[in-house]
Amino acid sequence: MKETDREAVATAVQRVAGMLQRPDQLDKVEQYRRREARKKASVEARLKAAIQSQLDGVRTGLSQLHSALSDVTDIQRSLADVSRDWRQSINTVESLKDVKDAVVRHSQLAAAVENLKNIFSVPEIVRETQDLIEQGALLQAHRKLMDLECSRDGLMYEQYRMDSGNTRDMTLIHGYFGSTQGLSDELAKQLWMVLQRSLVTVRRDPTLLVSVVRIIEREEKIDRRILDRKKQTGFVPPGRPKNWKEKMFAILDRTVTTRIEGTQADTRESDKMWLVRHLEIIRKYVLDDLIVAKNLMVQCFPPHYEIFRNLLSMYHQALSTRMQELASEDLEANEIVSLLTWVLNTYTSAEMMGNAELAPEVDVSTLEPLLSPDVVSELLDTYMSTLTSNIIAWLRKALETDKKDWLKETEPEADQDGYYQTTLPAIVFQMFEQNLQVAAQISEDLKTKVLVLCLQQMNSFLSRYKDETQSYKEQHLRDRQHPHCYVQYVIAIINNCQTFKESIVSLKRKYLKSDTEAGVSLSQPSMDGILDAIAKEGCGSLLEEVFLDLEQHLSELMTRKWLLGSNAVDTICVTVEDYFNDFAKIKKPYKKGFGEDADGYCDTITAVAEVIKLTDPSLLYLEVSTLVSKYPDIRDDHIGALLAMRGDTSRDMKQTIIETLEQGPTQANPNYVPIFKEIVVPSLNVAKLLK
């Protein structure tokens with residue numbers, strides 16, 4: 001306390017010192033004193049109030065403690081009285097055992113009396129229930145069945161409650177109600193039959209389906225009530241829980257599976273289109289069933305059954321299983337395509353799950369794939385392997401067929417422009433088109449792979465085609481009388497080369513997004529080279545054919561027979577004209593030499609003829625120099641042969657003309673195409689004219 005007093009005095013001194021720091025503050029000492037006195041009085045009043053409040057609380061607490069003590073004493077005294085009374089009543093409780101047994105017997109008798117009417121009427125109710133089931137009155141039959149089960153379960157529960165170990169009485173009750181379980185099973189069969197035909201029933205007699213659902217819902221409620229009682233008593237009647245709702249969905253699931261599997265009406269042996277028909281029937285059935293389920297069946301089931309969602313899941317799973325089964329079979333290439341097209345495209349298209357009538361309940365983006373990616377990949381690999389073998393076989397067969405046409409006695413067909421052709425390019429590219437269109441239905445990636453495969457096989461095919469055309473030529477040269485239309489079919493082969501080139505370009509343009517896609521563009525130059533080689537060889541064969549026909553007549557030129565009079569020139573002209581008419585049916589660009597360039601060659605012939613028919617020898621040098629200026633690749637032996645053919649030029653004049661021309665400068669036109677360098681001059685002497 002002394003320390004507290006000292007602190008209080010020190011604080012007061014500081015406070016007073018703070019108030020009286022200036023002389024003029026001394027006049028306010030009295031004012032300061034009154035103010036501090038008021039503060040002191042206020043503090044003392046609050047302190048007294050707080051102390052008084054504490055004292056009141058302590059007083060109240062003491063009073064309550066005294067009351068509690070009194071209550072505890074009373075309770076202790078009462079407990080002692082109860083304990084004394086309980087000890088005194090033990091003997092009395094033991095003497096009431098007979099009363100307890102009587103109560104149990106009374107309870108049994110009360111239960112028996114309560115169910116007596118039902119017990120005596122069990123056989124009659126069983127017969128009525130059986131009749132109602134046979135008549136199809138399922139709701140009434142189920143009502144009577146519930147009465148029977150209720151009587152049985154009530155008696156068994158009372159017996160269980162009174163003496164759970166008494167199995168003899170339980171067996172007796174169960175045996176007396178033995179027909180009840182049979183009726184339940186029979187009714188269940190009827191329900192399952194209706195559910196198996198639910199998609200038909202809902203359209204013809206929806207009330208029947210509603211009755212079935214109501215019965216199942218009743219049984220579900222009974223199951224739940226019994227299971228709840230089991231938690232309290234441990235008692236479960238025989239045959240419970242029935243789980244008819246679970247069985248209902250199992251029945252629907254089996255029905256869906258059976259419906260999907262039952263759509264295969266044909267086999268490969270009986271119908272090559274068996275799989276297409278099978279898949280189309282599945283598509284139609286599933287779409288129709290789901291539309292009926294969405295529009296009608298949902299009205300017959302409680303919302304919490306989610307019947308449409310469950311049926312959709314069942315159909316999807318059944319379809320997935322069926323597609324897996326089909327995929328595991330030894331399918332042919334076209335069957336693999338049909339299956340993959342259906343699985344990857346048709347299933348989610350507007351023709352099936354994407355149908356507007358199924359929206360918005362069915363969202364195709366949420367559907368799982370019917371086939372796993374591994375199975376799809378395996379099928380695609382099998383398809384590509386089979387397709388490769390098929391394309392090789394088809395191309396070989398097409399070539400063999402075309403080779404047979406080469407031997408025909410009739411000319412090949414001509415297109416609308418009059419150009420000879422065979423059916424080979426059309427057959428080959430029609431086959432390619434069909435396979436590419438099919439592949440495009442499955443996926444863009446498969447389409448590209450098939451195009452690459454087609455072009456690769458085309459490359460190999462063209463090499464065989466080249467070999468066969470060479471064999472065709474060799475066969476003809478062994479006997480030029482056969483084949484009869486050799487020239488026309490060689491022209492057709494040449495035209496085929498151009499058709500092949502155009503078709504390859506068209507095919508790539510149609511089925512490739514870009515020319516560099518999948519490296520396909522790399523195959524084009526190779527095929528073009530082979531086709532050009534075939535065409536060039538064909539053109540050479542045609543020219544060779546011309547000269548073989550003209551060889552005898554050309555050999556008559558510059559002979560005595562020719563000088564005395566011969567039809568050799570006329571024959572040559574007619575023969576060349578005849579060939580020219582055939583060569584006019586060669587397509588560009590292989591017409592070069594046979595078509596648009598013929599005028600240039602005719603000009604050359606005219607220029608050479610001018611030298612030969614010149615009548616004034618003095619102008620011979622001028623005419624020859626003009627010829628040389630036009631055709632700078634003309635050689636000395638060409639000039640010598642021309643002058644020799646005139647027959648009026650001496651050796652000295654010929655030598656002078658040649659030497660003079662050699663001394664003169666010659667400048668070739670940069671666009672000039674050499675002609676004479678390909679012409680070989682045979683030895684020509686006067687002796688030949690004497691033959």
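**Aromatic rings and their surroundings**

Mentor: Let's start in helix α17 (residues 444–478), where Phe461 and Tyr465 sit four residues apart, about one turn of the helix. Keep in mind that this is a predicted model. Phe461 is buried, at 0% relative accessibility, and Tyr465 is buried too, with a relative accessible area of 0%. Both count as buried because the cut-off is under 20% relative accessible area. Their rings form an aromatic pair of the stacked kind, with 5.9 Å centre to centre and 10 degrees between the planes. That pair is called stacked because its planes are under 30 degrees apart.

Now go to helix α16 (residues 424–442), which holds Phe429 and Phe432 three residues apart, so about one helical turn separates them. Phe429 is buried with a relative accessible area of 7%, and Phe432 is buried with 0%. If you search the whole structure, you get 13 aromatic pairs. One of them is Phe429 with Phe432, an edge-to-face pair at 5.5 Å centre to centre and 80 degrees between the planes. Why edge-to-face? Because the planes are over 60 degrees apart.

These two pairs belong to one aromatic cluster, made up of Trp406, Phe429, Phe432, Phe461, Tyr465, Tyr472, Tyr486 and Phe500.

Cys454 is buried at 0% relative accessibility, and Cys485 is buried with a relative accessible area of 4%. As for disulfides, the count comes to zero. For that count, a disulfide would need a pair of cysteine sulfur atoms within 2.5 Å.

Elsewhere, rings turn up with charges over them. Lys242 lies over the face of Trp244, 4.7 Å from the ring centre. The ring of Tyr305 has the charged end of Lys245 over it, 4.3 Å from its centre.

Ser198 is in helix α9 (residues 198–204) and is buried, with a relative accessible area of 4%. Setting aside neighbours within four places in sequence, Ser198 is in contact with Leu209, Leu252 and Met297. Leu370, on the other hand, is in the loop between α14 (333–346) and α15 (373–406). Leu370 is buried as well, with a relative accessible area of 2%. Not counting residues up to four places away in sequence, Leu370 touches His316, Leu319, Ser320, Met323, Gln324, Trp342, Val343 and Tyr347. Take Gln324 from that list: Gln324 and Leu370 are 46 residues apart along the chain, yet 8.0 Å separates their C-alpha atoms.

Conventions:
Residues numbered from 1 in each chain as written. Predicted model: local features only at pLDDT ≥ 70, side-chain atom pairs only at ≥ 80, totals over all residues. Heavy atoms only, no water. Buried < 20%, exposed > 50% of the residue type's maximum accessible area, 1.4 Å probe, protein only. Helix = DSSP H or I, 4+ residues; strand = E, 2+ residues; numbered from the N terminus. Contact = heavy atoms within 4.5 Å. Phe/Tyr/Trp six-rings, centres within 6.5 Å; stacked < 30°, edge-to-face > 60°. Lys NZ or Arg CZ within 6 Å of the ring centre and 35° of its normal.
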